[in-house]
Amino acid sequence: MKDYILPAVALAALMALPLLSPPDYVMHVLITMVLTALAGTGWAMMGRYGLVSFGHGAFLGAAAYTMAILWNSIGLTPWIGIPVGVVVAVLMGMLLGYPAFRLRVVGHYFALVTLAAGEIVRILIVAMRDITGGSLGMTPAQAAPGGGFLAMQFDKTGFWWLSLVAWAAGLLAWRLLDRSMSSKALAAISEDEDAAASIGIRVTREKMKVTVISVALAATAGALTAQYRQYLNPESLAGLGISLQIVFGAIAGGMYAPFGPTIGAAITIGLEEGLRIGFGTEFTGAAPLVYGLLLVLFMLFLPRGIAGMFERRAKPAAAKKAVGEATA
Amino acid sequence: MDPFFLEALVNGILLGGVFALPALGLNLVFGVVDVVWLCYAELVMVGMYAVWFLYTQAGWPLWLAFAACLPIIAVFGLLLHLLVVRPLLTSPPINQVLATGGVLFVLQGAATLVFSTEFRSLGVDMPPMEVGEVFVSGTKLAAFCAALLGAGVLWAFLKFTYVGTAIRAIARDREVMPLMGVDPRRIYLIASAVGGALAGLAACLLVVQLDVHPFVGLSFGPITFMICVMGGLGNMLGGFLAAFLMGLIISVGGFWGTTEFSYVIAFAFFIVTMFVRPQGLFAR
């Protein structure tokens, strides 16, 4: 229990941030960062065990559109709509994951299968334009006066709290997974699947577990992002572009450390906003250009991401400590 | 037979011819260098811009713009290999894929900066031809013939030249070939350049059929990867056949339903193929 006191205090401090009444723009950037961090954390849950998905955007979209369609058509509150959307996304993930894991689609092949699945979701969203608005996107209906809470349409403070709680839940899930046997099993699987199976690890089941967690986190991030922006469109919530951005954020920050994807989100969103302010909207190309360059440079010089940098420094110290303990 | 259905079949085969070239180029690079160029469709996009710029802005004749496009993109392929792929040859495959994914963003961003997001059209069209009851687009037919010709030249290059033989050999056995006196680094460079040139040729064929914009690669990139993998990564003939299969699925699917529906079927078909025959449809 003691382990959780400090994080809880930190979380409470973050939640109290609106008390300082920061400018709206700052809150906006922070909320976007936290939600991006959540999606990245979800992706890295699978990514760090070698299950590299290029289709996670699809799960953001599945949850977000489910939630928005339920709200617009039958008036179901997003408080229920988001969990329903997450369940839909998780079911989709399982539907794709089970045969892929069972039939041992790994590596490049797994990445491409997820890429195809992500594209299918994007195209379906575009094709069902009668209810999704197609490429033009859709907006959740405005709540009746006084119904803002039920419609989950409130000010930035409300969304800040909501996003923080979801993000903290993601980190908690990371920690719980790390302390479980599943984490060891998954590490073994990512090293050598046959060897892992031979010592009795249920490969498919372990992979399914981490897929469910990963998809649920990404889907939550997607639904909350849509709800926060009050606008959904297929390009920003499904398909290859957004999927690669999630991957980039997680990799840049470092997908092996719990805070890695969060650092990555701070970098990507910070970069995006910085470039937008620095170059103005007419230089829309500058952001992906710098992004891409950084991604290449990270792969060349820092493949374990920013968090990996600290890791390397921390390791020798830890090793020394272990040696010291052994000799004492 | 219903003439419209027949037309869908013909269009499917023509479409397959267009997919075949980038699929061949991607396969060549993968088979030889063992790295997936995630930005391959973006190289094609750059080539399309090159042709568009040389023809409409610089006022070059069309054939010269086409002829220049191949070496230009071949140089891009070389640079991609030298700057990004070569330093990562010993890294895990996923790092290589992500680095080329970074190049994808770089090329899209650069194209947006230089050419803006406006759709650019070459404004060249050939009259449709009537064969029996079927109308065939002249542009598509010409592109198809050029694609077949390109594939034929590639085949002859791989089959009858010394370098081509070395390329095929290194794709088969990476360890032994250096012992036979072949410098793999040189072969990798050549394969990358040829892969780039194929992207350039694909760009010439696509630019007459599609408008160019910075994100045009996303419209045929994913399908190209799927074709490659379906044929069996590194298996040229398989990829070539898979291109026609995908072209037919999309075209005939579009005949029965909408275009979007046909792409969903094609992607779903790909996923099922991966489950059933991960080594590729046409693997021996």
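Biologist: In which helix of chain A is A:Ser190 found?

Modeller: In this predicted model, A:Ser190 belongs to helix H8 of chain A, which covers residues 181-191.

Biologist: What makes A:Ser190 partly exposed?

Modeller: A residue is buried with 20 or more other C-beta atoms within 10 Å, and exposed with 12 or fewer. A:Ser190 has 15 such atoms within 10 Å, so it is classed as partly exposed.

Biologist: Which residues are in contact with A:Ser190, leaving aside its neighbours within four places in sequence?

Modeller: Those residues are A:Tyr49 and A:Gly50.

Biologist: Why is chain A called as compact as a globular protein of its length?

Modeller: Chain A has 15 helices and zero strands. Its radius of gyration is 20 Å, and the globule rule gives 20 Å for 328 residues; the two values are close, so the chain is as compact as a globular protein of that length. The C-alpha trace spans about 70 × 50 × 45 Å along its principal axes. Buried residues account for 48% of the chain. Of the contacts between residues at least 6 apart in sequence, 76% join residues at least 24 apart.

Biologist: How many residues of chain A are in contact with chain B, and which elements contribute?

Modeller: There are 39 residues of chain A in contact with 39 residues of chain B. Helices H5 (107-127), H12 (240-253) and H14 (286-301) of chain A each give two or more residues to that side. H5(A) supplies the largest share, 15 residues. By type, the chain A side divides into 32 nonpolar, six polar and one charged.

Biologist: What confidence does the predictor give the complex?

Modeller: The complex receives an ipTM of 0.81 and a pTM of 0.84. For chain B the average pLDDT is 87, and 98% of the residues score at least 70.

Biologist: How do you know that the span of helix H9 of chain B is close to the expected one?

Modeller: Helix H9 of chain B, residues 217-231, has 15 residues. The expected span is 1.5 Å times one less than that number, which gives 21 Å. From first C-alpha to last, H9(B) reaches 21 Å, close to that expectation.

Biologist: What makes H9(B) mostly covered, and what comes just after it?

Modeller: Of the 15 residues in H9(B), 13 are buried, the cut-off being 20 or more other C-beta atoms within 10 Å. Just after the helix, B:Gly232 takes a positive phi of about 100°.

Note on methods:
Residues are numbered from 1 along each chain as its sequence is written. Chains are lettered from A and ligands numbered from 1 in the order in which they are written. This is a predicted model: local features need pLDDT of at least 70, side-chain atom pairs count only at pLDDT 80 or more; totals for chains, interfaces and linings use all residues. pLDDT is the predictor's confidence in each residue, from 0 to 100. Helices (H or I, at least four residues) and strands (E, at least two) are DSSP runs, numbered from the N terminus. The radius of gyration is taken over C-alpha atoms; the globule rule is 2.2 Å times the number of residues to the power 0.38. Two residues are in contact if their C-beta atoms, placed from the backbone, lie within 7 Å. Ala, Val, Leu, Ile, Met, Phe, Trp, Tyr, Cys and Pro count as nonpolar, Asp, Glu, Lys and Arg as charged, and the others, Gly among them, as polar.
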